[in-house]
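Here is a colleague's note to read beside the model. Please keep the structure open while going through the points.

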Amino acid sequence: MRGSRAGGPKQATATARNRGGGSGSGGGASRGRGGVARGPGNAWQHLVLRLAVLVLVLAVWQLAAEAHGSVYFPPPGRIAHRMYELWFSGPVRRVFLTDAAVADVLPSLGRMAAGFGIAALTGIALGVAVGRSRRVYALCNPVLQFARAVPPPALVPVFVVVLDLGTQMQIASIAFSAVWPVLINTAEGVRNTDPLRLDVAAVLRLHPVERLWFLLLPSALPRIFAGLRLSLSLALILMVFSELLPGSANGIGFTLTDAQSRSDLLTVWAALLLLGILGYLLNTALLAAERRLVGRGRRTA
Amino acid sequence: MTLRLDSLGQRYGEQVVLHDIDLTVPDGQLLCVVGPSGCGKSTLLRTVAGLQPAYEGSVSIDGTPVTGVPDQLAVVFQDYGRSLFPWLTVRDNVALPLRRRGLPRAERREQAERILERVGLEGAGRRHPWQLSGGMQQRVAIARALVCRPSLLLMDEPFGSLDAQTREDLEDLLLEVHRSDGATIVFVTHDIDESVYVGDRVVVLSPGPASHPVLDLPVTLPTKRDQITTRGLPEFVALRAQVGRAVRGPVASD
């Protein structure tokens with residue numbers, strides 16, 4: 001039933017569907033299907049295979065980089081070591097974080113969390129408001145599609161002018177870019193609430209808040225998470241981008257430009273690796289949250 | 001509760017679905033509404049439930065016109081998979097209608113457990129609907145409808161998608177509930193046998209469009225019914241034939 005919802009924000013929908021192809025369960029019917037198709041032995045095999053591919057890629061990279069010996073493409077071992085030196089060789093009582101990590105990584109994460117948090121809350125709230133009424137949805141949809149179509153980094157200069165450089169501008173850029181996918185997907189999810197269930201809610205005479213809490217939000221939840229995943233990746237992009245601007249004082253993006261201006265390619269690579277790892281971990285955390293929340297409510301029939 | 005339909009008409013756009021329906025269901029009666037698919041049986045129930053305003057005529061309960069969803073009303077839909085909320089446990093599904101009574105959580109849960117026991121689902125409260133069989137899910141839906149002790153119960157082909165054995169068990173459950181609670185029940189079905197077995201009275205609707213009652217038949221069977229004996233009674237066979245002829249219409253009867 002849920003899978004057949006095409007239409008609407010196409011790009012947003014398509015990208016959302018493609019997530020985590022290999023990561024096993026995650027969505028609807030796979031709860032039932034996963035058990036049949038893939039026993040525990042198979043799951044282990046799968047994990048080992050995935051790790052093997054990762055190790056293979058790293059080994060090839062390492063060997064190629066060592067053989068070439070270029071300063072521009074250092075081997076992954078050295079990149080990882082620099083990463084460790086820079087950020088994770090601190091004292092135990094600070095969970096191994098160095099001064100540099102506290103000065104750059106944490107502010108970046110903080111701004112991203114703030115921006116993403118604002119985007120998620122406003123997006124869900126406005127999405128519910130838009131999605132509840134067919135009329136409002138029809139009226140707002142073109143505007144939303146337009147807002148989403150503007151490449152988010154292009155808006156950063158506007159925020160720089162309006163809010164000046166600094167944390168406020170950075171958080172605003174992140175929030176403003178990340179809000180659209182959640183908003184659009186939430187609206188779409190709420191709009192597609194099963195009409196029979198709306199009848200049920202009417203017959204049970206649930207009042208609006210109960211209807212929101214027991215029907216609209218749970219049934220839109222898979223779509224909300226699809227939106228959140230897109231928003232999260234946009235938030236990460238905007239986090240870095242807003243820190244690349246001249247005048248930034250700290251952050252992972254700042255570390256990147258700073259290292260680049262000193263031709264410290266190893267640090268540039270270390271920052272890139274760190275960003276990749278952060279992105280991966282954040283997405284994994286979101287998927288775990290989704291599996292916990294959405295997994296309970298999946299129907300099999 | 002006495003339910004009264006006064007020259008009720010219903011249409012979707014130009015299409016006339018129901019035409020000039022006059023019907024009174026006295027307090028405590030179990031009325032079966034039979035008709036071929038697409039004759040507007042569900043529309044009739046939706047109108048009585050206040051989900052759809054009457055286009056012509058009126059619906060009233062104990063003399064009060066129905067404008068919204070009436071108090072003391074419960075509905076059981078055919079599609080239990082969609083009508084139950086899969087993200088809630090069975091117990092929370094059943095306890096949901098009790099929220100508007102302002103009862104504390106513990107009390108709601110206790111009442112839900114009690115009603116679940118009554119429909120034969122003791123111990124299933126902590127599971128989720130999709131972990132149960134179709135028949136059990138429909139029992140949950142019935143429990144959810146009964147938990148507020150409705151005086152008017154509407155059932156829209158509730159057993160239509162269940163296998164024969166399960167369906168018979170649920171028919172007997174319904175009869176038991178009706179005997180002990182005495183609610184007025186409107187039971188919509190396309191199954192002729194079922195209508196005669198379950199009903200105190202059977203009303204047959206003509207095929208659509210502009211569907212209207214073509215037969216209004218009291219079921220003169222003993223109140224105490226049994227799947228094997230009752231269905232074997234000559235009266236049962238005669239009533240079934242009468243309803244069957246009305247459903248098939250004049251074309252097929254010659």
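1. Start with the buried residues of α1(B): Lys41(B), Thr43(B), Leu44(B), Leu45(B), Thr47(B) and Val48(B). Buried means under 20% relative accessible area, exposed over 50%, and partly exposed in between (1.4 Å probe, protein chains only). The helix spans residues 41-48 of chain B and is mostly covered, with six of its eight residues buried. Gly50(B) follows α1(B) and has a positive phi, near 75 degrees. Helices (H or I, at least four residues) and strands (E, at least two) are DSSP runs, numbered from the N terminus.

2. Some ground rules. This is a predicted model, in which local features need pLDDT of at least 70 and side-chain atom pairs count only at pLDDT 80 or more, while totals for chains, interfaces and linings use all residues. Residues are numbered from 1 along each chain as its sequence is written, chains are lettered from A and ligands numbered from 1 in the order in which they are written, and side-chain values use heavy atoms, with hydrogens and water left out.

3. Confidence in chain A needs a remark. pLDDT is the predictor's confidence in each residue, from 0 to 100. Chain A averages 83, and 84% of the residues score at least 70. Over residues 1-37 of chain A, pLDDT stays under 50. The model has 48 contacts beyond four places in sequence for that stretch. Contact means heavy atoms within 4.5 Å. Where pLDDT is low, the predicted coordinates should not be read in detail.

4. Next, the interface. Chain B gives 25 residues to the contact and chain A gives 23 residues. The area buried between the two chains is about 2300 Å². Carbon and sulfur atoms give 64% of that area. Arg82(B), Trp87(B) and Trp130(B) supply 35% of the area that chain B buries against chain A, more than any other three residues. Buried area is the accessible area (1.4 Å probe) that two parts lose on being put together, summed over both.

5. What makes up the polar side of this interface? The rule finds ten residue pairs in polar contact between chain B and chain A (both at pLDDT 80 or more). A polar contact is a pair of N or O atoms within 3.5 Å; within protein, one must be able to donate a hydrogen and the other to accept it, and residues adjacent in sequence count only if both atoms are side-chain atoms. On the side of chain B that touches chain A, β6 (73-76) and α2 (80-83) each supply at least two residues. The largest share, three residues, comes from α2(B). That side divides into 14 nonpolar, four polar and seven charged residues. Ala, Val, Leu, Ile, Met, Phe, Trp, Tyr, Cys and Pro count as nonpolar, Asp, Glu, Lys and Arg as charged, and the others, Gly among them, as polar.

6. Which salt bridges cross the interface? There are four between chain B and chain A. A salt bridge is a side-chain nitrogen of Lys or Arg within 4 Å of a carboxyl oxygen of Asp or Glu. One of them joins Asp71(B) to Arg205(A), with the closest N and O atoms 2.1 Å apart. Arg82(B) and Asp194(A) also pair, at 2.6 Å, N to O. This pair runs from helix α2 of chain B to the loop between α8 and α9 (195-203) of chain A. Arg82(B) is partly exposed at 24%, whereas Asp194(A) is buried at 11%.

7. Within chain B, Arg114(B) and Glu110(B) form a salt bridge of 3.1 Å, N to O. Both lie in helix α4 (residues 105-118), four residues apart, about one turn of the helix. Arg114(B) is partly exposed at 48%, as is Glu110(B) at 44%. In chain A, salt bridges that share partners join Arg82(A), Glu85(A), Asp258(A), Arg262(A) and Asp264(A) into one network. Its Arg262(A)–Asp258(A) bridge has its closest N and O atoms 3.2 Å apart.

8. Last, two single residues. Ser173(A) lies in helix α8 (residues 167-191) and is buried, at 1%. Ser173(A) touches Val156(A), Phe159(A) and Leu238(A), not counting residues up to four places away in sequence. Thr24(B) sits in strand β2 (residues 15-25) and is partly exposed, at 35%. The C-alpha atoms of Thr24(B) and Thr2(B) are separated by 7.2 Å, the two being 22 residues apart along the chain.
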